[in-house]
Amino acid sequence: MSPISRTSSSPAPRGVSSALYALLSLMALLVLSWWSLWAFSTFTLTPANIWHFLLQRQTGGMTSQIIGQIRLPRTLATILIGALLGMAGLLMQGISRNNLASPSMLGVTGGASLGLALVSSGVLPFSLPLGNALISVIGGGAAWLIVFMLGAAWSAQASRARLVLAGITVAALCASMTRLVVLLAEERAMGVLNWLAGSMVGVRWPEVWLLCVVFVPAFLLCIVLAKPLNLLNLGDENAQSLGVSLTRLRVLAFTAGTIMVGVTVAVVGPIGFIGLMAPNIARRLIGVDYRPLVLGSSLCGAILLLVSDIIGRWVAFPSETPAGAITALIGAPFFLLMARKL
């Protein structure tokens with residue numbers, strides 16, 4: 001049997017307990033967050049500056065302005081975006097029973113990017129009440145629906161390889177259409193291209209609050225969905241016999257995953273492969289139970305994106321390489337390693 005056709009109910013080694021994993025991940029996240037606040041800044045920052053700002057909360061001076069208005073919101077947004085993408089990937093892998101599923105592999109990131117690019121470039125001259133976030137959610141949801149229809153993902157007998165191929169095809173189509181939009185909108189092309197790079201530069205407090213508003217209910221919903229996702233691993237018929245409403249589960253997971261990805265794309269642009277890597281790394285370390293995997297995937301996603309952002313600042317310092325480029329460099333080999341027997 002191909003590894004793609006196996007469900008996530010297959011035995012997996014438990015390297016560490018979920019509590020130890022959470023503790024170590026939180027410690028790593030705190031260390032990386034602290035480093036992110038002062039590392040690789042064109043304006044000289046030291047750990048003492050960060051410590052003094054956090055204790056005194058002074059708002060005057062250039063140093064305090066840089067920390068409070070640039071570095072702190074950027075670090076918090078990076079953590080929240082990585083956590084949201086990790087949870088979105090976990091939901092997608094759960095309802096498709098395919099460990100290769102992720103926002104980028106299923107075309108959700110590409111669809112969200114295309115929707116926002118169409119409006120931002122002026123190709124579609126209209127706006128919606130909730131702005132870019134809602135447009136991204138609609139684009140990502142439309143792409144995901146197309147992938148699920150092409151991949152027959154609602155069928156228990158559907159090939160997992162077919163779903164992945166459908167996702168890659170739709171993602172490639174969305175990427176090509178986004179490039180076409182950039183060519184058609186020459187006057188605004190540079191702004192769209194900078195956004196498509198997936199950079200954390202320019203994130204401010206309003207975006208952090210938006211991410212917080214999405215993260216809290218999304219995390220709680222994922223916790224609620226953990227038990228039915230565990231039962232879904234037993235098969236559609238067994239899950240239904242145990243009281244799981246497959247339609248309700250899929251609609252909730254679909255809606256939550258689309259919103260999480262759409263909001264992150266609206267804030268910083270497309271960030272690929274976090275939703276693929278984070279759940280699989282967490283699953284490898286703590287097992288296949290979705291209850292600890294929700295926290296595990298969110299922590300792993302936050303760490304991966306924070307590391308990518310720091311590396312992006314270091315590679316070409318004082319210039320910056322977008323975090324999206326770094327995650328692609330890490331994630332592409334990761335995907336090939338997982339799909340080597342496809």
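Let's start at tryptophan 51, which counts as exposed, with a relative accessibility of 51%. The cut-off for that class is over 50%, so tryptophan 51 at 51% falls on the exposed side of it. Please keep in mind that the model you are looking at is predicted.

Stepping back to the whole protein chain, you will find 13 helices and zero strands. Of the 342 residues, 52% are buried. The protein chain exposes about 15400 Å², and carbon and sulfur atoms supply 69% of that area.

Now back to the aromatic rings. The count of aromatic pairs comes to seven. One of them joins tryptophan 51 to tryptophan 34: the ring centres are 6.1 Å apart and the planes stand at 70°, so this pair is edge-to-face. Tryptophan 34 belongs to helix α1 (residues 18-38) and tryptophan 51 to helix α2 (residues 47-56), so the pair ties together parts that are 17 residues apart in sequence. Tryptophan 34 has a relative accessible area of 28% and is partly exposed. Elsewhere, ring pairs link Trp35, Phe40 and Phe317 into a cluster.

Next, helix packing. Two packed helices are described by the distance between their axes and the angle between them. For helix α3 (residues 62-96) and helix α11 (residues 274-286), the axes come within 7 Å and cross at roughly 75°. Angles of 65 to 115 degrees count as roughly perpendicular, and α3 and α11 are therefore roughly perpendicular to each other. On the α3 side, the contact is made by Gly82, Leu85, Gly86, Gly89, Leu90 and Gln93. Helix α11 contributes Ile274, Gly275, Leu276, Ala278, Pro279, Asn280 and Arg283.

Finally, a stop in a loop. Valine 123 sits between α4 (108-120) and α5 (132-150). Leaving aside residues up to four places away in sequence, valine 123 touches Leu118 and Val181. Valine 181 is 58 residues away from valine 123 in sequence, yet their C-alpha atoms are 7.2 Å apart in space.

How values were computed. Residues numbered from 1 in each chain as written. Predicted model: local features only at pLDDT ≥ 70, side-chain atom pairs only at ≥ 80, totals over all residues. Heavy atoms only, no water. Axes fitted to C-alpha atoms, helices over the stretch in contact; angles between N-to-C directions. Helix = DSSP H or I, 4+ residues; strand = E, 2+ residues; numbered from the N terminus. Parallel < 35°, antiparallel > 145°, perpendicular 65-115°, else oblique. Contact = heavy atoms within 4.5 Å. Phe/Tyr/Trp six-rings, centres within 6.5 Å; stacked < 30°, edge-to-face > 60°. Buried < 20%, exposed > 50% of the residue type's maximum accessible area, 1.4 Å probe, protein only. Areas by Shrake-Rupley, 256 points an atom, 1.4 Å probe, with all protein chains shown as cover.
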